[in-house]
Amino acid sequence: MSIKSSLIKFLIYMNDNFFSKILKKKRGTKFNKENLYSWMNLTKKERFNLSKKDSMNYLIERKHLLNQIRNEYKNSIEKN
């Protein structure tokens, strides 16, 4: 009986930790001057991952804007 109860407690514990990590990742808060302390409360790895994700988003946005500019330029040349 104690094995079953300990197994159930373990599964509940693992389930809680698993879902908390998923929710923490999906939260996706933006960090700025107002919430500097919450940024500093993150671990080094979490800060690194967030900054890496922000860098990738910025890179993708820049590529998209460059493609738009190139297409507009190409269309303006074709019209003239």
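From the N terminus on, the protein's elements run α-α-α. That makes 3 helices and 0 strands, where helices (H or I, at least four residues) and strands (E, at least two) are DSSP runs numbered from the N terminus.

This is a predicted model, so to speak of local features takes pLDDT of at least 70, side-chain atom pairs count only at pLDDT 80 or more, and totals for chains, interfaces and linings use all residues. Residues are numbered from 1 along each chain as its sequence is written, and side-chain values use heavy atoms, with hydrogens and water left out.

As for confidence, pLDDT is the predictor's own score for each residue, from 0 to 100. Its mean over the protein is 78, with 72% of residues at 70 or more. Two helices mark the ends of the range among the elements:

| Element | Residues | Mean pLDDT |
|---|---|---|
| helix 1 (lowest) | residues 2-27 | 66 |
| helix 3 (highest) | residues 44-79 | 90 |

On to the surface: buried residues (under 20% relative accessible area, with exposed over 50% and partly exposed in between; 1.4 Å probe, protein chains only) make up 2% of the 80 residues. The protein exposes about 8100 Å², and carbon and sulfur atoms supply 61% of that.

Now for R47, which sits in helix 3. R47 is partly exposed, at 22% relative accessible area. Neighbours within four places in sequence aside, R47 is in contact (heavy atoms within 4.5 Å) with W39, M40 and L42. The R47 side chain also reaches the backbone oxygen of L42 at 2.9 Å.

Methods. Areas by Shrake-Rupley, 256 points an atom, 1.4 Å probe, with all protein chains shown as cover. Polar contact = N/O pair within 3.5 Å; in protein donor to acceptor, adjacent residues only side chain to side chain.
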